[in-house]
Amino acid sequence: MPEHHKARIAESFGKAARRYAQHNRLQQQCAAMLLHRLPKRLGVVLDAGCGPGVNTHALSVRAATYYGFDLSAGMLAQAQEQFPQYNWLQGDLEQLPFAPESFDHIYVNLALQWTNSLADVLQQLLRCLKPGGTLAFSTVLEGSMAPLGRLFLRVTGHSHHNRFLRRSELLTYVQQVIAQTGVFAACSPKFDTEYIGIPYMNMRDMLYDLKGIGANYQPAGRARLTRKQLRQVEEDLECYRETDGLLYLNWHIGFVSITKAIA
Ligand SMILES: C[S@@+](CC[C@H](N)C(=O)[O-])C[C@H]1O[C@@H](n2cnc3c(N)ncnc32)[C@H](O)[C@@H]1O
């Protein structure tokens, strides 16, 4: 992904920073599930792709030192305003500015799907981890944003979301990274996937949440949805209303933890 795309992704997230916590039901559920994959005491912990500091409290109460790291200056400003006592750093997960073995544990909730090369990023994250430490991350997988993405595809010819990794691709990347890097040969990955449905009254509320967390960046050149197309998708979505009267936006999420071997 070219640098100017990243600048626009950061801008899009930054604009959402103040209201993020009103729209992050999916992220909250995943955050809680991911937290269980880390030990009780975290020592020096890195929260990579930390957003507006929504997981800062939960991580910092278990840590001796907390570092929040994110691409978006707007997200970091919001985080720093709430938690001025912690360490906040702006940067790109694909060019981590940390020395090897800087952190006891690393936590990355729903940020890696915005990077170009998961394998490269995982390698960098593992390099920053101390032996005996755990890298725990969650990421969005193929099958997510159903049925909305499929309806967009039918009506406009485009799903209007990023390409998400297949479950098998994620597993392969994780195994490759561990195998390629001799130092990590004895790492033990734990791998699970979950389907999580977030209920909504209507399609507009679904779209508000996607925009509300800042995940609405569309590369230049992709045609914007017309009102007519939106109305069509809204109409088609009605046949997916569940017996509880609600519409669900379904996500397929991968949860991985890798504990770095002590040499
Ligand atoms: C969906 S939010 C998740 C925020 C938070 N981790 C949570 O649990 O709610 C994704 C975050 O990843 C950040 N991000 C996206 N691409 C990034 C990159 N290349 N490097 C660092 N952060 C990135 C965004 O700025 C945003 O704050």
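A: Let's begin with helix H9: Arg227, Lys228 and Glu235 are exposed on one side of H9. Exposed means over 50% relative accessible area, buried under 20%, and partly exposed in between, using a 1.4 Å probe on protein chains only. Helices (H or I, at least four residues) and strands (E, at least two) are DSSP runs numbered from the N terminus. This is a predicted model, in which local features need pLDDT of at least 70 and side-chain atom pairs count only at pLDDT 80 or more, while totals for chains, interfaces and linings use all residues. Residues are numbered from 1 along each chain as its sequence is written, and side-chain values use heavy atoms, leaving out hydrogens and water.

Q: Which residues of H9 are buried?
A: In H9, residues 227-237, they are Leu230, Val233, Asp236 and Leu237. They share one side of H9 because they cover an arc of only 130° around the axis; the arc is taken from the directions from the helix axis to the C-beta atoms. These buried residues pack against helix H6 (148-156), helix H8 (203-212) and strand E7 (247-259).

Q: How do I read strand pairing, and in which sense do E1 and E2 pair?
A: Two strands pair if DSSP finds at least two bridges between them. E1 and strand E2 (residues 63-70) are parallel, with six bridges, and Asp47 stands opposite Gly68 in E2. E2 also pairs in the parallel sense with strand E3 (residues 87-90), over four bridges. There, Gly68 stands opposite Trp88. From E2 the chain crosses through helix H4 (residues 73-82) to E3, a right-handed β-α-β crossover. Right-handed means that, with the strands pointing away from the viewer, the path from the first strand over the helix to the second runs clockwise.

Q: Is Asn55 buried or exposed?
A: Asn55 counts as buried because its relative accessibility is 13%. You will find Asn55 in the loop between strand E1 (43-48) and helix H3 (56-60). Leaving aside neighbours within four places in sequence, Asn55 is in contact (heavy atoms within 4.5 Å) with Ala31, Asp47, Tyr107 and Asn109.

Q: What is a nonpolar core, and which residues touch the most other members of the largest one?
A: In soluble globular proteins, nonpolar side chains tend to be buried together. A nonpolar core is a set of buried Ala, Val, Leu, Ile, Met, Phe, Trp, Tyr and Cys residues joined through side-chain atoms within 4.5 Å. In the largest core, of 39 residues, Leu26, Leu148, Trp251 and Ile253 touch the most other members. A second, separate core has 31 residues, including Leu96, Leu112, Ala119 and Phe191. Look again at Ile253: beyond its neighbours within four places in sequence, its contacts include Leu26, Cys30 and Leu110.

Q: Where is Leu110, and what is its phi?
A: Leu110 is in the loop between strand E4 (103-109) and helix H5 (118-127). Its phi is near 55°, a positive value in a residue other than glycine. Leu110 counts as buried because its relative accessible area is 10%.

Q: What can I look for in the loop between E5 and H6?
A: Met145 is in that loop, and has a positive phi of about 65° although it is not a glycine. With a relative accessible area of 6%, Met145 is buried. Pro147 is also in the loop between strand E5 (129-140) and H6, and the peptide bond from Ala146 to Pro147 is cis, with omega near 0°.
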